[in-house]
Structure formats: structure tokens, C-alpha cells
Amino acid sequence: MAEYLSICSRCGCENPIFQSVCKKCGSITRDRVPNIDFWKIVGRIIESPKDAFIEIIQAEQKNYASFVLTASLFKIFLLVSLIVGVFGGNSFSLLSFGYFLLICVLVIIITGYIIKKVLVREKKKEKVFRIKDFYAVFSYSLVPQLMGLIILFALEFIVFGEQMFTFNPSPFLIKKNFAYLFLALELGIIVWNIFMTKMVFSIFFIKKLPPYIFSIIILSFIYFLVIIFM
Ligand SMILES: [Zn+2]
């Protein structure tokens, strides 16, 4: 839990990083971060993700976290629907997305509780872990999906038009090179997402637990949920 705690330079006491004032000696440990500046933080997530996530934890208001979560999950839902829909004949439904979104939020909160339980056991009485911090940084770790929604999906629609949704005929038959290029970029977004979410877990976790495994498990579970709620 090293990253989630900071040591007070005056008294040497360990404080959770969301605190800007030392709980023991009362000295100011850092500047207050009242709000999250959306574009600034997105830029920092691309540049130096760990610093960006720490800044999100330090922010008193977790601005846009739910927006990033919803838009990113929409991207995942749309992509899986498109791919699986080709074989299953299912079509996109906004109501299904609503249920999917609700269950994902529950999954994130439950994951937060599981981490809290692990940390409480490690740190005994110090219940410093806040689920709202986890919810906010996890949401922001999905920023690669948001980028995919804004940039990649727009480009795919320009190139393939309605064929992208109907697969009649498949984009892989019409514009083969473009289809493989987009497939590679979509996979890149998934890998980038796994890496970002891994960083979130590494901020909260004790070194013993492998953050990559947790990142892959929770993201796979979200992709799997789409198939259930489609
Ligand atoms: Zn202190």
C-alpha cells in the first residue's frame, strides 16, 4: 500500500494521500486539490498515468468519474455487441446497456470492498482505504476506451459506414486492410486499458498481490458481462 500512503516530513507519521493535512501533527503536507480538470487529467493519464491517478485520489471532488465510466463502458458494450452480434444475431439495446452499467458499478464497489477487507487485515486498525477513491481512479483508468469511442469509432464509421453495424457484408470482405488495421488498434486499446487498470491496483495493493492479474480478471469480467446483458 506504499503509493496510497505518504510520510509526513515533520513528524514522520504515515497519512493516506487523500489527506492534505497530517492527522497527527496537523501540518500541511501538500496543496489542496479541490477539483479535477478533465482535459488536464486526460493528458496526464496519457503522459504519466500514476501521477494522474494520485492526483485523482487527492482531488476532493471526483469530477467526471461517472461520465468517463459510462462512456467507456458504452464503448466496451458497443464493441462486444458488434463482434458477438455478428454471430448471435443480437442487436444493440439501450435498456440492456443500462442494466450492464448498473451491474458494472456494483462490481466496482464490491471489488473496492474486497480490497478494503484485504487492507484492513494488513493494516489492522487503519481503515484508510476509501472506496470512492478506488471508484474514481478505476473509472479514469478506462480512459483508453473513451479515446477509442471518440477517435477510433468515429474513424471506423467514416470508413465502413453502416456495414460496421450490419456486417452485411462484413467489413473484412469489403475493406480488408482497414478492417485489420482497426482490429489491431482496438486490441491496442484493450492492452492500454489493462496497463492503466494495473496501475490503479498497484497504487492500492500490497506488493504480494499481482496487480496485472487483478486488472485482467476485472476487465475480462466486464467484457463477459456484456455477453450476458446483450
Ligand atoms: Zn505530521
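**Packing of helices H2 and H5**

In this predicted model, Phe 53, Ile 56 and Ile 57 of H2 meet Asp 133, Ala 136, Val 137 and Tyr 140 of H5. Six residues of this contact are nonpolar and one is charged. None is polar. Two packed helices are described by the angle between their axes and the distance between the axes. For H2, which covers residues 49-58, and H5, the angle is about 145°. The two axes lie 9 Å apart. The crossing of H2 and H5 is right-handed.

H5 is mostly covered. Of its 10 residues, seven are buried. These are Asp 133, Phe 134, Ala 136, Val 137, Phe 138, Ser 139 and Tyr 140. An α-helix has 3.6 residues a turn, so residues three or four places apart point the same way.

The largest nonpolar core holds 42 residues. Phe 53, Ile 56, Val 68, Val 137, Tyr 140, Val 143 and Phe 204 touch the most other members. Eight helices each supply at least two residues of this core: H1 (38-47), H2, H3 (65-88), H4 (94-123), H5, H6 (143-160), H9 (176-204) and H10 (211-229). H3 gives the largest share, seven residues. Among the residues that touch the most other core members is Val 68. Apart from neighbours within four places in sequence, Val 68 is in contact with Ser 139, Tyr 140, Leu 142, Val 143 and Leu 146. Two of these partners, Tyr 140 and Val 143, are likewise listed with Val 68 as touching the most other members of the core.

The chain as a whole contains 10 helices and two strands. Along the sequence the pattern is β-β-α-α-α-α-α-α-α-α-α-α. The C-alpha trace spans about 70 × 30 × 30 Å along its principal axes. Of the 230 residues in the chain, 27% are buried. Contacts between residues at least 6 apart in sequence were also examined. Of these, 60% join residues at least 24 apart.

The average pLDDT is 88, and 91% of the residues score at least 70. Where pLDDT is low, the predicted coordinates should not be read in detail.

Key. Residues numbered from 1 in each chain as written. Predicted model: local features only at pLDDT ≥ 70, side-chain atom pairs only at ≥ 80, totals over all residues. pLDDT = per-residue confidence, 0-100. Axes fitted to C-alpha atoms, helices over the stretch in contact; angles between N-to-C directions. Helix = DSSP H or I, 4+ residues; strand = E, 2+ residues; numbered from the N terminus. Left-handed = near helix turned anticlockwise from the far one by under 90°. Contact = placed C-beta atoms within 7 Å. Nonpolar A, V, L, I, M, F, W, Y, C, P; charged D, E, K, R; others polar. Core = buried A, V, L, I, M, F, W, Y, C linked by C-beta atoms within 7 Å. Buried ≥ 20, exposed ≤ 12 C-beta atoms within 10 Å, placed from the backbone.
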